[in-house]
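This report describes selected features of one structure, beginning with the surroundings of its ligands and ending with its backbone geometry. The sequence and structure are shown here for reference.

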Amino acid sequence: MSLKAKDKAKTPEHFTNLKTQEPPKNTVGLGAIKSSISHANQYMNTGDALKLSLKINQKGGFDCPGCAWPDPDDERSALGEYCENGMKAIAEEAQNKTIGADFFAQHAVDELATWSDFQIGKSGRLSEPMFLEEGATHYKPISWEAAFKKVGEHLNALDNPDEAVFYTSGRTTNEAAFLYQLFVREYGTANLPDCSNMCHEASGSALSETLGIGKGSVTLDDLYKAELVMVIGQNPATNHPRMLSALEKTKKNGGKIIAINPLPEAGLMKFTDPQSPIKMLTGGTKLSDVFVPITINGDVAFFKALLLKLLEKEEQDGNVFDKEFIEQYTSGLDEFISDLKTFNFEDCLEASGVSRAIFDEAFNLILNKKKIIICWAMGLTQHENAVDNIREVVNLLLLKGSIGKEGAGTCPVRGHSNVQGDRTVGIWESAPQAFLDKIENKYGFKPTTKHGYSVIDSIKAMYEKKAKVFFGLGGNFISAVPDTAYSAQALANCNLTVHVSTKLNRSHLVTGKEALIFPCLGRTEKDYQKTGIQVQSVENSMGIVSSTKGVLEPCSDKLLSEVAVVCGVAHATLKGRSKINWLDYQDDYNLVRDDIAEVVSGFDDYNTRLKNPSGFYLPNGARIRKFNTKTKKANFSINKLPKWKLKKDELIMMTIRSHDQFNTTIYGLDDRYRGVFNERRIIFMNRDDMTSRNLQEHQVVNLKSEFNGVIREVNNFKVIGYDIPKSCCATYFPETNVLVPLDSFAHTAKTPASKSIRITVHKT
Ligand SMILES: Nc1nc2c(c(=O)[nH]1)N[C@H]1C(S)=C(S)[C@@H](COP(=O)(O)OP(=O)(O)OC[C@H]3O[C@@H](n4cnc5c(=O)[nH]c(N)nc54)[C@H](O)[C@@H]3O)O[C@H]1N2
Ligand SMILES: Nc1nc2c(c(=O)[nH]1)N[C@H]1C(S)=C(S)[C@@H](COP(=O)(O)OP(=O)(O)OC[C@H]3O[C@@H](n4cnc5c(=O)[nH]c(N)nc54)[C@H](O)[C@@H]3O)O[C@H]1N2
Ligand SMILES: [Mo]
């Protein structure tokens with residue numbers, strides 16, 4: 001009997017032999033170098049590893065597929081501007097093992113689904129297009145031509161283009177992303193959910209409304225010049241390691257750092273730059289001046305406590321707020337202040353879970369600073385009140401006039417290496433009308449003005465059989481999305497699921513009636529086309545667009561670039577009725593960039609400017625105090641305290657990344673900086689919460705979440721006593737996505753609330 005979709009979607013529940021030790025007090029240094037070399041050695045040959053390490057993030061080299069942190073403008077390390085986890089990302093992509101017809105003939109889909117994500121990822125690079133026929137147990141090879149035709153037939157057979165969903169993950173380059181959204185719009189829908197919906201969507205919503213641009217406002221240079229950097233809900237040592245070098249510079253220039261996080265993440269404490277031999281010997285830099293161990297989702301409360309005390313001081317001394325800035329550039333101060341006054345300081349502080357002593361330390365650092373940067377990531381964006389979290393961050397910056405000047409501003413730290421660029425060039429289910437008008441002017445078809453499905457809406461639509469074809473440009477949809485069992489059924493309800501991928505992942509195993517795998521080139525590989533090797537481009541977290549060009553030979557001659565895949569699908573689907581010569585683009589990506597230059601603001605002379613080895617900055621209103629909001633000013637906002645209360649026995653759980661994973665790609669089974677080795681099925685708990693439940697270290701438990709009367713359950717996790725606030729706990733994603741309710745998401749942004757899930761812990 002074949003496995004049900006929900007069983008294939010779940011990660012296997014067996015243990016891999018947990019070992020724990022005290023978490024280290026310092027990050028990077030020798031451990032990181034050892035770990036990156038061992039990853040490179042294990043999966044790549046030495047020549048390739050060396051070639052890559054010399055070209056990564058170098059001018060004229062390729063953009064690291066690891067994260068979206070920007071490259072220094074002037075002084076890139078000759079050793080290679082890389083980090084341990086960047087090295088793991090490229091070792092994973094550039095591994096020398098490939099899988100094709102033989103592998104899939106040997107392993108049935110049901111068998112592969114019983115493998116762990118770690119095993120699935122280590123099977124090798126996908127090397128040829130594969131097709132899973134209806135009712136078949138194994139994928140079989142298919143030619144590109146037949147595969148494109150199949151997609152076209154399915155899309156053209158739908159009653160309405162809105163019955164198809166086109167997902168994007170944030171590694172897709174600007175060129176591929178632009179063509180993809182163009183195809184989707186010409187086909188007739190705006191169903192363009194993307195990983196950003198699960199990531200920084202809440203930042204985009206809050207920032208657009210308050211500052212008129214959905215992106216951050218600072219550059220690396222600002223970070224170096226800030227008097228104070230606050231790092232909130234972010235674990236840079238693991239997820240943006242090169243940020244630590246920037247923070248070290250902030251400190252060297254006299255800046256202070258406050259970290260706000262339920263976990264004392266090692267990287268927030270102390271850092272040793274692996275590229276500085278002297279630092280390696282002398283033991284590194286202390287990073288955080290104040291560490292605030294906040295309770296999960298206590299951020300609005302903590303900010304309100306700060307704002308109340310700042311207001312009190314301003315009323316006393318009159319020199320805390322930047323009144324000139326407020327007067328000239330902002331709107332809504334009076335309403336904001338009168339609302340703030342309705343809150344009680346003690347209540348807010350209590351709700352934040354922070355002691356008065358630590359509050360005072362943080363407050364004193366903020367009080368007189370005029371150049372403040374606030375950085376944040378998923379710890380703020382993945383809550384039901386995520387948009388409020390970020391609007392409250394903006395309130396603080398506005399009071400301090402800390403926006404649109406050197407050393408000050410917003411810094412949402414993006415995840416995927418081109419997630420920001422994808423949105424800029426049109427991957428957006430609710431794109432602005434001005435953009436759609438430009439498409440119409442340029443191409444002569446009228447894109448639908450109806451908003452398309454976000455990730456959550458897409459899942460519901462597939463579940464309810466309103467959407468019948470799922471196409472994924474990159475990513476690992478089933479493992480990334482919430483509510484695994486429901487979402488698996490949603491995919492299984494489709495007529496066709498298609499994934500454009502570099503590596504095998506669980507989404508290839510939880511399929512519609514028919515399924516296709518399209519293997520594509522990765523960032524590290526040379527992209528040969530008719531007019532020669534192609535360059536592509538990406539935008540980093542700070543709005544700099546730069547080129548990326550692979551250096552290795554493709555791992556198989558049957559791979560296509562993402563651009564070529566999109567052109568192939570578009571041609572096969574729209575043939576005859578398209579206004580666009582799709583196949584021309586794949587021969588010469590300069591043509592794509594010429595189009596982007598015409599359609600997307602900020603890209604004039606794209607092809608010429610891309611030749612600048614450091615890339616170019618996109619316009620950013622907030623940076624120059626031009627706030628493109630409804631009021632044409634920066635807006636203060638009014639935010640409520642979140643009102644959830646835990647039931648007796650309930651804990652609030654955040655799903656986080658270990659040090660050895662990139663989202664759903666599991667590089668290894670260790671989480672070195674948290675002292676966890678060889679196991680992912682663990683739950684970090686406060687030791688008092690363990691005692692009150694009579695739980696021992698490494699005891700095996702099952703976890704349940706209840707939401708609107710529905711109970712979700714996962715089995716087999718080992719308890720680890722950890723330095724985490726009471727009533728809070730943490731597990732790794734994707735293992736616990738099963739527990740994340742689909743209907744628990746950020747208001748207005750629909751980011752799944754995967755950092756605040758109420759659970760109960762049960763002995764087995
Ligand atoms: N190596 C590596 N690099 C990556 C990724 C990866 O998986 N691996 N993923 C990439 C992607 S797509 C993204 S979006 C980023 C993610 O980067 P991060 O956001 O750093 O990733 P998370 O592991 O989700 O960590 C969230 C942090 O927020 C804290 N936190 C959780 N809840 C709260 C809260 O309520 N308040 C506060 N103040 N803090 C909280 C957690 O303790 C944790 O330190 O990294 C990118 N870079
Ligand atoms: N519970 C919980 N869930 C979460 C999160 C969380 O913190 N907690 N985080 C959310 C966040 S922030 C994000 S961004 C999403 C991530 O969601 P996704 O972006 O969908 O997931 P990834 O794991 O990054 O995708 C990995 C797959 O991408 C493919 N791939 C890698 N490189 C390339 C490439 O160059 N081209 C193509 N075509 N494919 C490639 C590989 O096949 C690989 O298996 O997950 C979200 N889900
Ligand atoms: Mo992300």
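## Residue classes and the model

In what follows, Ala, Val, Leu, Ile, Met, Phe, Trp, Tyr, Cys and Pro count as nonpolar, Asp, Glu, Lys and Arg count as charged, and the others, with Gly among them, count as polar. The structure is a predicted model, and the values below should be read as computed from that model.

## The surroundings of ligand 1

Ligand 1 is surrounded by 32 residues, and the closest of these are N261, E265, D299, Q661 and N663. Divided by class, the residues of this shell comprise 13 nonpolar, 15 polar and four charged. Several elements contribute to the shell around ligand 1 with at least two residues each, namely the helices α12 (236-239) and α21 (378-381) and the strands β25 (651-656) and β26 (661-662).

Backbone atoms of the protein take part in polar contacts with ligand 1. A polar backbone atom of T238 is 3.0 Å from a nitrogen atom of the ligand, and a backbone N or O atom of N239 lies 2.8 Å from a nitrogen atom of ligand 1, while for N297 a polar backbone atom is 2.7 Å from an oxygen atom of ligand 1. Taken alone, ligand 1 exposes 920 Å², of which the protein buries 99%.

## The surroundings of ligand 2

Around ligand 2 there are 30 residues, the closest being Y167, A480, E562, T664 and N737. The shell around ligand 2 consists, by class, of ten nonpolar, 15 polar and five charged residues.

Which atoms of ligand 2 lie 3.1 Å and 2.8 Å from polar side-chain atoms of Q382 and H416? In both cases the ligand atom is an oxygen, with the distance of 3.1 Å belonging to Q382 and that of 2.8 Å to H416. A polar side-chain atom of T655, in turn, lies 2.9 Å from a nitrogen atom of ligand 2. Taken alone, ligand 2 exposes 940 Å², and the protein buries 96% of that area.

## The enclosed helix α10

Helix α10 (residues 201-211) is largely enclosed by the rest of the structure, because eight of its eleven residues are buried. These buried residues are E201, A202, S203, G204, A206, L207, T210 and L211. The elements that cover them include the strands β14 (372-376), β15 (409-412) and β24 as well as the helices α21, α22 (386-399) and α23 (419-424). Helix α10 is followed by G212, which has a positive phi near 85 degrees.

## Backbone geometry in the loops

Most residues other than glycine have a negative phi, and most peptide bonds are trans. Against that background, K632 has a positive phi of about 65 degrees although it is not a glycine. K632 is found in the loop between β23 (616-617) and β24 (634-635), and with a relative accessible area of 54% the residue is exposed. N694, likewise not a glycine, has a positive phi of about 60 degrees, and N694 is found in the loop between α32 (687-692) and β30 (700-707).

A further feature concerns the peptide bond between F733 and P734, which is cis, with omega about 10 degrees. P734 lies in the loop between β32 (728-732) and β33 (757-763).

Notes. Residues are numbered from 1 along each chain as its sequence is written. Chains are lettered from A and ligands numbered from 1 in the order in which they are written. This is a predicted model: local features need pLDDT of at least 70, side-chain atom pairs count only at pLDDT 80 or more; totals for chains, interfaces and linings use all residues. Side-chain values use heavy atoms; hydrogens and water are left out. Helices (H or I, at least four residues) and strands (E, at least two) are DSSP runs, numbered from the N terminus. Buried means under 20% relative accessible area, exposed over 50%, partly exposed in between (1.4 Å probe, protein chains only). A residue is near a molecule or strand if one of its heavy atoms lies within 4 Å of it. A polar contact is a pair of N or O atoms within 3.5 Å; within protein, one must be able to donate a hydrogen and the other to accept it, and residues adjacent in sequence count only if both atoms are side-chain atoms. Accessible areas come from the Shrake-Rupley method with a 1.4 Å probe; for residues, only the protein chains shown count as cover. Contact means heavy atoms within 4.5 Å.
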